[in-house]
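This report walks through the strands, the open spaces and the charged contacts of one protein. Keep the sequence and the 3D view side by side while reading.

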Amino acid sequence: MKIAFTDEGELARVLARSLKNNEIIIVDNPQRVINEKPDVVIHTLDIPYFENKSYVWNFNTWYAINIARAAHKVNATNIYLSTFMIFNGKKGYYHENSTPDPLNYYGISKLVGETGTASLGNFLIIRCGVLYSLNYKGLLASFFKAALNGKNLKCNKNFYISPISIYSLSNIIAKFVNDEIKGVINVGGPRISIVEMCNLIADLFGVNVIELNGKKYDFSLDTWLLNTFNIKLSLKEDLVNAIEYRVLNNERKGISIT
């Protein structure tokens, strides 16, 4: 199977390992998609929430949709990686049919990107919980940085998430690709407060957690549908595996991306 990624970032490199028995290529424009005719296009390129609005919109939305349109022309399956941030964090346990209400511009850009992709048909939309690794620039990045530097972790005890490492996400995506799964699926770990997550991190790195009484948000995802694929995540095991993976593996070693 020929599988195209839209960038060569950390997630793409880890995902390439999970899909190593396939032909992996990089497509950086719609014409390349048409020329290469992949079987699957995985939209790994993501501009994070802290970038300026025009940059976020141009890539998370227009670029993604144009790539998706080209993939549609060659009958490739589009796998778009969306986010928990298409919701507002007021309710929690968001399921696949929950009404989106993005809290910020990044969430809007991803919601429009997934809607545009889904409108073409032949798609898999993966709504990811909070992604992390030791160096992934996401919501948990500051806590990992502090822990690695031996500093205490200051955490809002009223903030709830469904975290998942990029390594577990990559294995799940690989399973969905191999099984030709389509539709919209939430992918994340069990609901947990950021304080509880920080306690897991702190125990592994030998630092302490300082609880802060901040504003309440609940961005947790209902993963009932994910569990029907016999996929269940242990937060502690996922965290330990993510750290071991990063320590034991050179992510570029043995990966061929053309």
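## Terms and basis

Helices (H or I, at least four residues) and strands (E, at least two) are DSSP runs, numbered from the N terminus. Contact means heavy atoms within 4.5 Å. Axes are lines fitted to C-alpha atoms, for helices over the stretch in contact, and angles run from 0 to 180 degrees between N-to-C directions.

This is a predicted model: local features need pLDDT of at least 70, side-chain atom pairs count only at pLDDT 80 or more, and totals for chains, interfaces and linings use all residues. Residues are numbered from 1 along each chain as its sequence is written, and side-chain values use heavy atoms, with hydrogens and water left out.

## The sheet of 6 strands

Six strands form an open sheet in the order β2-β1-β3-β4-β5-β10, with parallel pairing (two strands pair if DSSP finds at least two bridges between them). β2 (23–26) and β10 (183–187) stand at the edges with a single partner strand each, so one side of each has no neighbour in the sheet. From one strand to the next, the twist averages 20°.

Strand β1 (residues 2–5) runs parallel to β2, and 4 bridges join them. Ile3 stands opposite Ile24 in β2. Helix α4 (residues 105–118) lies across β4 (77–83) and β5 (123–128). The helix runs at about 160° to β4.

## The sheet of 3 strands

Another open sheet has 3 strands in the order β11-β8-β13, with mixed pairing. Its edges are β11 (192–193) and β13 (217–218), each with a single partner strand, so one side of each is left without a neighbour in the sheet. β8 (residues 159–161) and β11 run antiparallel, joined by 2 bridges. Tyr160 has Ser193 of β11 as its bridge partner.

## Pockets

Pockets and cavities are found on a 1 Å grid over the protein atoms alone: a cavity is a set of points where a 1.4 Å probe fits but cannot get out, and a pocket is an open set with protein on both sides within 12 Å along at least five of seven lines. Lining residues have an atom within 4 Å of a point. Grid points are joined across faces, edges and corners, and a volume is the space filled by probe spheres set on the points.

The largest pocket holds about 620 Å³. It is lined by 31 residues, and Asp46, Pro48, Leu131, Tyr136 and Lys137 are the closest to its centre. α1 (10–18), β4 and α4 each supply at least two residues of this lining. The second largest pocket has a volume of about 190 Å³. Tyr167, Ser168, Asn171, Asp238 and Asn241 are the closest to its centre, out of 16 lining residues. α9 gives the most to that lining, with 5 residues.

## The cavity

The whole structure has 1 cavity of 30 Å³ or more. The largest cavity holds about 60 Å³. Its lining includes Thr6, His43, Phe59, Tyr80 and Lys110. Helix α3 (53–73) and strand β4 each supply at least two lining residues. The largest share, 4 residues, comes from α3.

## Salt bridges

There are 6 salt bridges in the whole structure (a side-chain nitrogen of Lys or Arg within 4 Å of a carboxyl oxygen of Asp or Glu). One joins Lys2 and Glu36, with the closest N and O atoms 3.3 Å apart. Lys2 lies in strand β1 and Glu36 in helix α2 (residues 30–36), so the pair ties together parts 34 residues apart in sequence.
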